[in-house]
Amino acid sequence: KRGKEYALNRMDTVSLKEFITAECSKVERFYLQKFAEVKAESDSLIKLMDAKGGSVAGMVKSSWKHTEDLRGLYDFCKINSEGVRKALKKYDKAMKATGSNLQTTYLAAIRTEYSFFAYKDALKELLQECASFWNQDAAAKGAAAGRTSTDLVSSLPTSFPLSKQMEDQRQPTTEKGDDTEGDESDEEGKEKDKSPEPAQDLGTEEEGDVKFERQYNKQRDSKPEWKKLLADYQNLNAVLRKLSAVAGKTMPFSAVTSLSMSEHPDAAYGASPEIVLDGKPYKEVDWFKSVDKEIDLVSRVTNEEIRRVRNGLAQLRTKVEQWHDEMQDKTTEQSGSRAKALLGRMGQLEADAKQLGSDFLALEKF
């Protein structure tokens with residue numbers, strides 16, 4: 001990603017291989033270190049869950065830490081192995097004229113040299129063991145109990161944090177990697193193809209309008225349930241252009257609102273240009289009234305969503321405090337099965353928190 005020009009003018013194949021080797025060696029050292037740590041955590045948790053008289057709070061905290069460490073290690077391996085493949089793919093593309101094919105030949109060689117490329121097989125057992133910590137069925141010990149990965153995943157709570165990683169682990173790895181998501185440059189190209197390019201003679205402000213309209217359309221299409229609740233920007237813009245055309249582009253200079261307007265013919269804006277819209281006369285003052293109407297709609301929707309998100313946050317806080325008190329209660333059964341039950345509820349609390357975060361971000365974009 002350092003740039004096509006750099007690859008073409010300064011980077012020869014030998015130098016690129018040396019660079020890739022150095023990067024892979026760095027990744028490999030960290031991977032082996034973290035793998036040993038995560039494996040030790042798993043072995044310790046297996047003993048802790050099976051032991052009697054342990055602390056439920058300690059089991060829950062250790063299990064959660066192990067789950068997060070394993071998730072981080074899996075994603076670390078995935079993003080680095082894909083990053084190397086994509087880097088070689090970009091180089092082949094930049095050096096197409098020379099017949100470069102490193103993505104096939106060189107990638108196959110380094111995959112046998114560095115173990116982090118085989119992370120799916122290496123972490124499979126750890127993923128299954130981690131899943132058993134979250135599964136309330138004490139007999140569910142993955143392959144040890146004769147259960148397949150599919151059986152184990154289907155028996156897990158929906159809030160299991162490593163569901164995506166377990167699903168990804170079951171997908172076969174092709175020699176050319178996973179191109180389902182595509183490269184960043186490819187995605188950018190697709191996005192450009194969808195949207196018409198602005199005319200070359202547009203001014204800066206008009207170019208900004210075109211860009212905003214693209215963003216508006218994208219937001220409108222991304223959340224269908226809010227489609228009718230977005231301000232009708234396109235209609236307001238179309239009416240304004242018609243009024244401006246009739247007025248010979250002599251629109252008022254000062255910023256005004258409909259609250260300061262009057263429909264009386266002698267008033268400054270009462271005698272504004274007039275167009276016919278849907279068979280009815282339409283003046284500038286009517287346009288401002290439409291703006292106020294749209295603002296009122298957006299305001300009501302925003303306030304309702306804010307109240308809903310705040311109520312959800314208050315309910316989540318109550319659930320978290322209740323969960324915490326139960327985890328710290330030493331008068332109840334201190335066992336691995338109870339720790340698993342609390343872990344399942346903790347995963348659901350995390351999922352609820354993420355959903356509230358997504359709702360807030362969607363509201364912010366709205």
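**Exercise 1: a residue and its core**

Task: in this predicted model, determine which residues Ile110 is in contact with, leaving aside its neighbours within four places in sequence.

Solution. With those sequence neighbours set aside, the contacts of Ile110 are Ile20, Cys24, Val84 and Phe117. The next step is to turn to the largest nonpolar core, which has 49 residues, and in which Val60 and Ile110 are the residues with the most contacts inside it. At least two residues of this core come from each of α2 (13-50), α3 (56-94), α4 (105-113), α5 (119-134), α11 (284-328) and α12 (336-365), and α3 gives the most, with 12 residues. Because domain 1 (8-137) and domain 2 (226-329 + 336-365) both give residues to this core, it lies between them.

**Exercise 2: a helix pair**

Task: describe how helix α10 (residues 233-246) and α11 pack, giving the angle and the distance between their axes, and state which residues make the contact.

Solution. Two packed helices are described by the angle between their axes and by the distance between the axes. For α10 and α11 the angle is about 165°, and the axes are 11 Å apart. Since angles over 145 degrees count as roughly antiparallel, α10 and α11 are therefore roughly antiparallel to each other. The crossing in which α10 passes α11 is left-handed. On the α10 side the contact is made by Leu236, Val239, Leu240 and Leu243, and on the α11 side by Glu284, Trp287, Ser290, Val291 and Glu294.

Key
Residues are numbered from 1 along each chain as its sequence is written. This is a predicted model: local features need pLDDT of at least 70, side-chain atom pairs count only at pLDDT 80 or more; totals for chains, interfaces and linings use all residues. Side-chain values use heavy atoms; hydrogens and water are left out. A nonpolar core is a set of buried Ala, Val, Leu, Ile, Met, Phe, Trp, Tyr and Cys residues joined through side-chain atoms within 4.5 Å. Buried means under 20% relative accessible area, exposed over 50%, partly exposed in between (1.4 Å probe, protein chains only). Helices (H or I, at least four residues) and strands (E, at least two) are DSSP runs, numbered from the N terminus. Domain bounds come from an automatic or database domain assignment. Contact means heavy atoms within 4.5 Å. Axes are lines fitted to C-alpha atoms, for helices over the stretch in contact, and angles run from 0 to 180 degrees between N-to-C directions. Angles under 35 degrees count as roughly parallel, over 145 as roughly antiparallel, 65 to 115 as roughly perpendicular and the rest as oblique. A crossing is left-handed if the near helix is turned anticlockwise from the far one by less than a right angle, and right-handed if clockwise.
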